[in-house]
Amino acid sequence: MTGPAEPLLAVRDLKVVIGGRHILHGVHLDVAPTGVTALLGRNGAGKTTTVRGILGLVPRTGSVLFDGAETVRLPTHALVRRGIGYAPEDRGVFASLTVAENLRLAERSGAGRPAYDLVHELFPELKQRAGQAAGTLSGGQQQMVAIARTLLGDNRLIIADEPTKGLAPKVVSEVAQVLERAAEAVPVLLVEQNLALVRRLAEHCVVLADGRTAHQGAAAELLADSAATRRLLGVGRRRTDGAGPPEREHTMDRPPAPSSAGAAQGTEAGA
């Protein structure tokens, strides 16, 4: 009988201090080599800072093992070359450039032939809209561009930070399909507050609280435990036992989504 697979990404005692302020106090997390691992927590828990610490975008200490190799002292560009793709919270799409031009900018020299076949197989709509200005796309379509860029360079891990933030419910469903297809090809570390999306996509989860790891385990087990989700995330889940009124399963400390799919994106408070 074989044991559990070694994590693709293993973070240990990750600490971040910015401007004299301690943001992360020792985060521990594992990202599985397949599927989706969700990074959860209330606003200000340190989720985005954790991602930025993993990527070397902020000063950090601790250990960040990627495929068994220590990377905590490497600059961001070296991590990118090792195969970590990043879809940032604000998507980072160049609005005045076409879809094709946005994708072309993500090509990496020395990384082999860009994986356009995979991108067009997963996202045929991007091929159809290759000549369209990215700024005229819907929020869900822009998220397709952001995730497609991470797939072009033969990456071994995708980090998607709040991909549904600020999107209308219909567009959230579209993005969920995008992530589901992407995760079939490359493992994903998903920073998300929409628990319905996490329930649909994630096999594993890590919960942060006050810059520390508060929980790590199977996503289904956590989301099935109403007391734990209330304690760790501040939300409940729908009752299925008929005992009393249903509890709402929504998002963690997030305002309702705006009616426009192209609404401006915010930032994670205190993270």
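## Conventions

Contact here means heavy atoms within 4.5 Å, and helices (H or I, at least four residues) and strands (E, at least two) are DSSP runs numbered from the N terminus. The structure is a predicted model, in which local features need pLDDT of at least 70 and side-chain atom pairs count only at pLDDT 80 or more, while totals for chains, interfaces and linings use all residues. Residues are numbered from 1 along each chain as its sequence is written, and side-chain values use heavy atoms, with hydrogens and water left out.

## Helix α7

Helix α7 comprises the 17 residues 169-185, and its end C-alpha atoms are 25 Å apart, which agrees with the 24 Å that the helix should span at 1.5 Å a residue; the expected span is 1.5 Å times one less than the number of residues. Its buried residues (under 20% relative accessible area, with exposed meaning over 50% and partly exposed in between, for a 1.4 Å probe and protein chains only) are Val171, Val172, Val175, Ala176, Val178, Leu179, Ala182 and Ala183. They cover an arc of only 165 degrees around the axis, which puts them on the same side of α7, the arc being that of the directions from the helix axis to the C-beta atoms.

An α-helix has 3.6 residues a turn, so residues three or four places apart point the same way. The buried residues of α7 pack against β3 (36-40), α4 (116-122), α6 (139-152), β7 (157-161), β8 (188-191) and α8 (195-201), whereas Lys170 and Glu184, on the other side of the helix, are exposed.

## The loop between α6 and β7

Asn155 lies in the loop between α6 and β7 and is buried, with a relative accessible area of 9%. A polar atom of the Asn155 side chain lies 2.4 Å from the backbone oxygen of Thr150. Not counting residues up to four places away in sequence, Asn155 touches Val80, Gly83, Ile84, Gly85, Arg108, Thr150 and Val186.

## Salt bridges

Seven salt bridges are found in a search of the whole structure, each being a side-chain nitrogen of Lys or Arg within 4 Å of a carboxyl oxygen of Asp or Glu. Among them, Asp67 and Arg156 meet at 2.9 Å, N to O; this pair links distant parts of the chain, with Asp67 in the loop between β4 (61-66) and β5 (69-70) and Arg156 in the loop between α6 and β7, 89 residues apart. Asp67 is partly exposed at 46% relative accessible area, as is Arg156 at 37%.

Arg12 forms a salt bridge with Asp30, the closest N and O atoms being 2.8 Å apart.

Conventions:
A polar contact is a pair of N or O atoms within 3.5 Å; within protein, one must be able to donate a hydrogen and the other to accept it, and residues adjacent in sequence count only if both atoms are side-chain atoms.
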